[in-house]
Amino acid sequence: MGTPDFAVPTLDALVAAGHDVVATYSQPPRPGGRRGRELVPSPVQRRAVELGITVRTPVSLKSAEAQAEFAALAADVAVVAAYGLILPRAVLDAPRHGCLNVHGSLLPRWRGAAPVQRAILAGDAETGVGIMQMEAGLDTGPVRLEARTPVDMKTAGDLTDELAAIGARLMVAVLGDLPAHPPVTQPEDGITYAAKIDKAEARIDFTGAAVEVERLIRAMNPAPGAWFEAAGERVKIWAADVVDGANAPGTVIDDALTIACGLGAIRPSRVQRAGRGSTSTAEMVRGFPIPPGTQL
């Protein structure tokens, strides 16, 4: 049960390990394509079709009919990875061994929808992924196995890919020997919640410290992209360095588009104007100059 790219490595790992995947559940196709009118299946749905696995895409699992259809699979276990739909109690209880979730954080830190982005934004030194036995609460279930990894200077995209690969390996290990990986109750201390990223958060506030602005840039890469406005145009920053510099926050202080922050400055290295491809900062400012003294 999964939807985005994060879940695909787990599906592949289950198949490679020889498990009989009786069905795949994914969120329904969404409007997309070049004109936004074509219904585009999720990455998990596309991969399941390639693997010849039955795919179901219910809008909800709340109806008695959907729950009965799920129970009729008589599954030993449901493997869940970023599915995006709430699993009612009837679904959680249907498989013989319940539902196991691949969660991209070190629980109980960052329960919720955006654990990778929130870990980067908070400046966490490390994060990880765990295999959680699901229960009715939001990511409150006991953890059977987890692994850690440093955050370093990774973008949300890079870190998500890394955690997806680790999570797939952990899930195969747990399913290979459930008794050897008993569920361990989460600690009551250190609980934090990873709220879904609001697009409004992607606008850069240069009054913060440069290190915080740089974290925002990495946390919003690849989506939705951290941005500022210049000459009435939205410009996204995909990568930037923290450098020395001082001026009123949001002031461009040199020809390299170094921007003063509340403490220190950032120097973007990869940027993108609206409706255009990403490019180096030097290339952008040749055709779209943002001179020193500009207030962003």
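The legends below describe an overall view and several close-up views of one predicted protein model.

**Figure 1. Overall view of the predicted model.** The protein comprises eight helices and 15 strands; helices (H or I, at least four residues) and strands (E, at least two) are DSSP runs, numbered from the N terminus. The C-alpha trace spans about 65 × 45 × 30 Å along its principal axes. Of the 296 residues, 48% count as buried, where buried means under 20% relative accessible area, exposed means over 50%, and partly exposed lies in between (1.4 Å probe, protein chains only). Residues are numbered from 1 along each chain as its sequence is written, and side-chain values use heavy atoms, with hydrogens and water left out. Because this is a predicted model, local features need pLDDT of at least 70 and side-chain atom pairs count only at pLDDT 80 or more, whereas totals for chains, interfaces and linings use all residues.

**Figure 2. Packing of helices H1 and H2.** Helix H1 (residues 8-16) packs against helix H2 (residues 43-50) at an angle of about 25°, and their axes are 9 Å apart. Axes are lines fitted to C-alpha atoms, for helices over the stretch in contact, and angles run from 0 to 180 degrees between N-to-C directions. H1 and H2 are therefore roughly parallel to each other; angles under 35 degrees count as roughly parallel, over 145 as roughly antiparallel, 65 to 115 as roughly perpendicular and the rest as oblique.

**Figure 3. The salt bridge between Asp-12 and Arg-47.** The side chains of Asp-12 and Arg-47 form a salt bridge, with an N to O distance of 2.7 Å. This pair links distant parts of the chain, with Asp-12 in helix H1 and Arg-47 in helix H2, 35 residues apart. A salt bridge is a side-chain nitrogen of Lys or Arg within 4 Å of a carboxyl oxygen of Asp or Glu. By this rule the count comes to twelve salt bridges. Asp-12 is partly exposed at a relative accessible area of 26%, and Arg-47 is partly exposed at 25%. Together with Glu-50, Asp-12 and Arg-47 are linked in a network of salt bridges.

Figure 4. Arg-218 is joined to Glu-214 by a salt bridge whose closest N and O atoms are 2.8 Å apart. Both residues belong to helix H7 (residues 210-219) and are four residues apart, about one turn of the helix. Arg-218 and Glu-214 are both buried.

Figure 5. Arg-273 and Glu-233 meet through their side chains in a salt bridge (2.8 Å, N to O). Arg-273 is in strand E14 (residues 265-273) and Glu-233 in strand E12 (residues 233-243), so the pair ties together parts that are 40 residues apart in sequence. Arg-273 counts as buried at 16% relative accessibility, as does Glu-233 at 18%.

**Figure 6. Val-80 in strand E5.** Val-80 is located in strand E5 (residues 78-80). With a relative accessible area of 4%, Val-80 is buried. From Val-80 to Thr-185, the separation is 105 residues in sequence and 19 Å in space, C-alpha to C-alpha.
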